[in-house]
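Dear colleague,

Once you have it open, please read my notes alongside it.

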Amino acid sequence: MNWVISTKTKPTTKRINTSFRDFTVRDIPLVLTIERLVYDSPWSQAQFTDSLNNPKTLSSLLIIDDQVLGYFVATHSPDSVDLLNICIHPEHQHQGLGTQLFDYLSQQLQALSLNTIFIEVRASNKSALLFYQKLGFNLIDSRKKYYSNGEDAKILRLQTR
Ligand SMILES: CC(C)(COP(=O)(O)OP(=O)(O)OC[C@H]1O[C@@H](n2cnc3c(N)ncnc32)[C@H](O)[C@@H]1OP(=O)(O)O)[C@@H](O)C(=O)NCCC(=O)NCCS
């Protein structure tokens, strides 16, 4: 399925002072402040709690200078991974941090011998679509009126091997 969005890309610069750690229920209040700044329909505290208590969940935080600036939540089956949420603080987007966070997730998937990643994206979320396109995701399906506001979803897949 053709979905290439024309854009000028620049090489992503890696921030050397970035670190990562597990995202646990204790971190939810902090993450919620970012989540609510970023999304029109943010996850609730209960959604984060349920996900983080699920043993199939992978979740990490991206930290710079002791500040949480990003996070992801993914769930895995024996064959594949669904990336449920990946988010960078709005003041730090488009500086390469999302790519670093995704690379960190990819390392975890490699360790689990998982090489297929799925994600659903709102059709209007052009910056996220560009992000996934740059990471090598392919458009495999669209779901009409998938979201509660009537918006379509784009289903993307990445095969890492
Ligand atoms: C999507 C998101 C995680 C990407 O993280 P990021 O740190 O902003 O992305 P990066 O800086 O690593 O950018 C990598 C590529 O993504 C695309 N991109 C990221 N932000 C963009 C923006 N604001 N406008 C256009 N393209 C953008 C570009 O192709 C970029 O490559 P380039 O630097 O060569 O232009 C982040 O923008 C975000 O948190 N968005 C809000 C939450 C969200 O929509 N999450 C995804 C839900 S499916």
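With 161 residues, the chain would have a radius of gyration near 15 Å if it were a compact globule, and its value of 15 Å therefore agrees with that expectation; the radius is taken over C-alpha atoms, and the globule rule is 2.2 Å times the number of residues to the power 0.38. Taken along the principal axes, the box filled by the C-alpha atoms is roughly 40 × 35 × 35 Å.

Before going further, please note that this is a predicted model, in which local features need pLDDT of at least 70 and side-chain atom pairs count only at pLDDT 80 or more, while totals for chains, interfaces and linings use all residues. Residues are numbered from 1 along each chain as its sequence is written.

Of the 161 residues in the chain, 22% are buried, a residue being buried if 20 or more other C-beta atoms, placed from the backbone, lie within 10 Å of its own.

The chain has four helices and seven strands, which are DSSP runs numbered from the N terminus (helices are H or I, at least four residues; strands are E, at least two). From the N terminus on, these elements follow the order β-α-α-β-β-β-α-β-α-β-β.

The seven strands form an open sheet in the order β1-β2-β3-β4-β5-β7-β6, with mixed pairing, where two strands pair if DSSP finds at least two bridges between them. Because β1 (18-22) and β6 (138-143) each have a single partner strand, they stand at the edges, and one side of each is left without a neighbour in the sheet.

Within the sheet, β2 (residues 57-64) pairs with β3 (residues 67-76) in the antiparallel sense over eight bridges, and T57 stands opposite T75 in β3. Strand β3 is also joined to β4 (residues 81-88) by seven bridges, again antiparallel, and these two strands form a hairpin with four residues between them; here G70 stands opposite I88 in β4. The pairing of β4 with β5 (residues 116-122), by contrast, is parallel and rests on two bridges, with D82 opposite F118 in β5.

As for the helices, α1 (residues 28-38) packs against α2 (residues 45-53) at an angle of about 125°, with their axes 10 Å apart; axes are lines fitted to C-alpha atoms, for helices over the stretch in contact, and angles run from 0 to 180 degrees between N-to-C directions. The contact is made by I28, V31 and L32 of α1 together with Q45, F48 and T49 of α2, two residues being in contact if their C-beta atoms, placed from the backbone, lie within 7 Å.

Definitions and conventions
Buried ≥ 20, exposed ≤ 12 C-beta atoms within 10 Å, placed from the backbone.
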